[in-house]
Amino acid sequence: PGEVFVEGRANILEQPEFAEDVQKLKRILRAFEEKNVIVRLLDRALDMEALQVSIGSENHLEDLHDISVVASGYHQGQSAMGSIGLIGPVRMDYSRVIPLVEYTARLLTSIFEQR
């Protein structure tokens, strides 16, 4: 419980909307450094049955109004085991990201069900 794994933070540097605004980039990177911020972003997906998509200001975290979160929980039986999500720019390719997150959550649920 409470473990957070974050990968690919450096990819945010390649996004033009963040590269052009250094202050925006600093706010986002600072938020990523605080794991409790990531936990708050993913927490909603943990208890929900369906995939969660938060775009821009829907994140309810002032420093993260320039990003989107696509997240889903994974389970073992009726017990929530965790959540997985993708955090990226508001203009991300949702048609590609949503199925990827859904598939990964289903795969993790399947792995836990086999235990």
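A salt bridge here is a side-chain nitrogen of Lys or Arg within 4 Å of a carboxyl oxygen of Asp or Glu.

**Entry 1: the ground rules.** I am working with a predicted model, where local features need pLDDT of at least 70, side-chain atom pairs count only at pLDDT 80 or more, and totals for chains, interfaces and linings use all residues. Residues are numbered from 1 along each chain as its sequence is written, and side-chain values use heavy atoms, with hydrogens and water left out.

**Entry 2: the network.** How many salt bridges does the structure hold? I found three. Lys24, Arg27 and Asp66 are linked in a network of them.

**Entry 3: Asp66 and its partners.** I looked up Asp66 with Lys24 and got 3.9 Å from N to O. Asp66 sits in the loop between β1 (52–55) and β2 (67–76), and Lys24 in helix α2 (22–33), so this pair ties together parts 42 residues apart in sequence. (Helices, H or I, of at least four residues and strands, E, of at least two are DSSP runs, numbered from the N terminus.) With Arg27, Asp66 has its closest N and O atoms 3.6 Å apart. Arg27 is also in helix α2, so that pair joins parts 39 residues apart in sequence.

**Entry 4: accessibility.** I used relative accessible area: buried is under 20%, exposed over 50%, partly exposed in between (1.4 Å probe, protein chains only). Lys24 is buried at 17%, while Asp66 is partly exposed at 24% and Arg27 is partly exposed at 29%.

**Entry 5: Glu17 and Arg91.** The closest N and O atoms of this salt bridge are 2.9 Å apart. Glu17 lies in helix α1 (16–19) and Arg91 in the loop between β3 (79–89) and α4 (94–113), so the pair ties together parts 74 residues apart in sequence. Arg91 is partly exposed at 48%.
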